[in-house]
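Subject: Handover of a structure and its findings

Dear colleague,

Please find below the structure that I am handing over to you. I would ask you to keep it open while you read the notes after it.

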Amino acid sequence: MAARLAVAFLAVSSAFLAVSGQKFNAIFSFGDSMSDTGNLCVNGPPAGLTLTQPPYGETFFGRATCRCSDGRLVVDFLAEKFGLPLLKPSKQGGSDFKQGANMAIIGATTMDSGFFQSLGIGDKIWNNGPLNTQIQWFQQLMPSICGSTQACKSYLSKSLFVLGEFGGNDYNAQIFGGYTPEQASGQSGTIVDAIGKGVEQLISLGAMYVVVPGVLPVGCFPIYLTLYQTSNAGDYDQYGCLKRFNALSANHNSLLQSKVSSLQAKYPGARIMYADFYSHVYDMVKSPGSYGFSTNLRACCGAGGGKYNYQNGARCGMSGAYACSNPSSSLSWDGIHLTEAAYKKIADGWVSGAYCHPAISA
């Protein structure tokens, strides 16, 4: 009888694993405002930061949580999919990080502040933790997560690492600092090389499963569409996105895919995955209805109405701004970040492999 029960249990367990995919010890996340679950706010919300105000967080948490969305982010959905708790911010003292930690912080860049100073735009970033600093934060947590170096190698080999996206703020700093998209694109090789070094650092610590997301089609985002709108129809693609800004993102992603391919060849024992943020979000822009969206280029939360519902002086969370009645019908939450509904679809695409190569689930 006991043997039969054991066999039945193993069959159920195998079936569960087949459905849920790879089972991980933990998830460790790095990145910027697309991924931060509270690091920027652990010592209290910074003055003037609108994302600590309603209606941020209203859809799932019922309050602002320092996430740049109306609810959960991609990394939250990944944690749920693999039966892990939502990731705590790594800067949250006294926490148990054995099942995961989030090093991501709003405003983060790939490159250190010296890079931006060399371009004459040091004043355009508030560098709260570039990529290499976030990896240092993780290394400081490692003894409490997994103990000795050897024990960590074993533990981390069965954990999922999500490295980014990184790059978005590196380009924002340049664009908002007066660089053209074409000039900013000239720095893409340097930025991608730094991301590649980050992947190798994590592998040297024991990581075997690393997701490396590309950047998004920012030419379709309300903030860019508002700030850089032109009267020349030729500047826009057939879906209403600014071609020059999407070309910047596409060039970055092309270089990053090549970098990931070379790392896959260099580390055949690891599973290094390119997550295609760009294609998935661009598909949502092209065919919003097939994703359940009734609007694609217009911010759900903002002010001013108009084509994009975005004003720098009345951003989401500021006086005069308000959220649409049904955020799940919108792709863009605040003109800069996406809605929970969009992030859930992105997470699904990464796990299934539709927009992640190879898929997170083996």
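The notes below go from the whole chain to single residues.

This is a predicted model, in which local features need pLDDT of at least 70 and side-chain atom pairs count only at pLDDT 80 or more, while totals for chains, interfaces and linings use all residues. Residues are numbered from 1 along each chain as its sequence is written, and side-chain values use heavy atoms, with hydrogens and water left out.

The chain as a whole

The chain has twelve helices and eight strands; helices (H or I, at least four residues) and strands (E, at least two) are DSSP runs, numbered from the N terminus. Its radius of gyration is 20 Å, close to the 21 Å that the globule rule gives for 362 residues, so the chain is as compact as a globular protein of that length. Here the radius is taken over C-alpha atoms, and the rule is 2.2 Å times the number of residues to the power 0.38. Along its principal axes, the C-alpha trace spans about 75 × 45 × 40 Å.

Of the 362 residues, 56% count as buried. Buried means under 20% relative accessible area, exposed over 50%, and partly exposed in between (1.4 Å probe, protein chains only). The chain exposes about 14,500 Å², of which carbon and sulfur atoms supply 54%; these areas come from the Shrake-Rupley method with a 1.4 Å probe, and for residues only the protein chains shown count as cover. Among contacts (heavy atoms within 4.5 Å) with a separation of 6 or more, 71% are between residues 24 or more positions apart.

Salt bridges

Side chains of opposite charge can pair when their charged atoms come close. A search of the whole structure finds ten salt bridges, each being a side-chain nitrogen of Lys or Arg within 4 Å of a carboxyl oxygen of Asp or Glu.

One of them joins aspartate 76 to arginine 67, with the closest N and O atoms 2.8 Å apart; both of these residues are buried. Another joins aspartate 123 to lysine 124, at 4.0 Å between the closest N and O atoms. Aspartate 123 is exposed, with a relative accessible area of 59%, whereas lysine 124 is partly exposed at 39%.

Lysine 259 forms a salt bridge with aspartate 193, and their closest N and O atoms are 3.1 Å apart. Lysine 259 lies in helix H10 (residues 243-266) and aspartate 193 in helix H8 (residues 188-205), so the pair ties together parts that are 66 residues apart in sequence. Both count as partly exposed, lysine 259 at 22% and aspartate 193 at 34%.

Histidine 280 lies in helix H11 (residues 277-286) and is buried, at 4% relative accessibility. Not counting residues up to four places away in sequence, histidine 280 touches Tyr291, Lys345, Ile346, Gly349 and Tyr355.

Threonine 295 is in the loop between H11 and strand E6 (301-302), and at 18% relative accessibility it counts as buried. With residues up to four places away in sequence again left out, threonine 295 touches Ser329, Ser330 and Leu331. The C-alpha atoms of threonine 295 and tyrosine 308 are separated by 9.8 Å, and the two residues are 13 residues apart along the chain.

Yours sincerely
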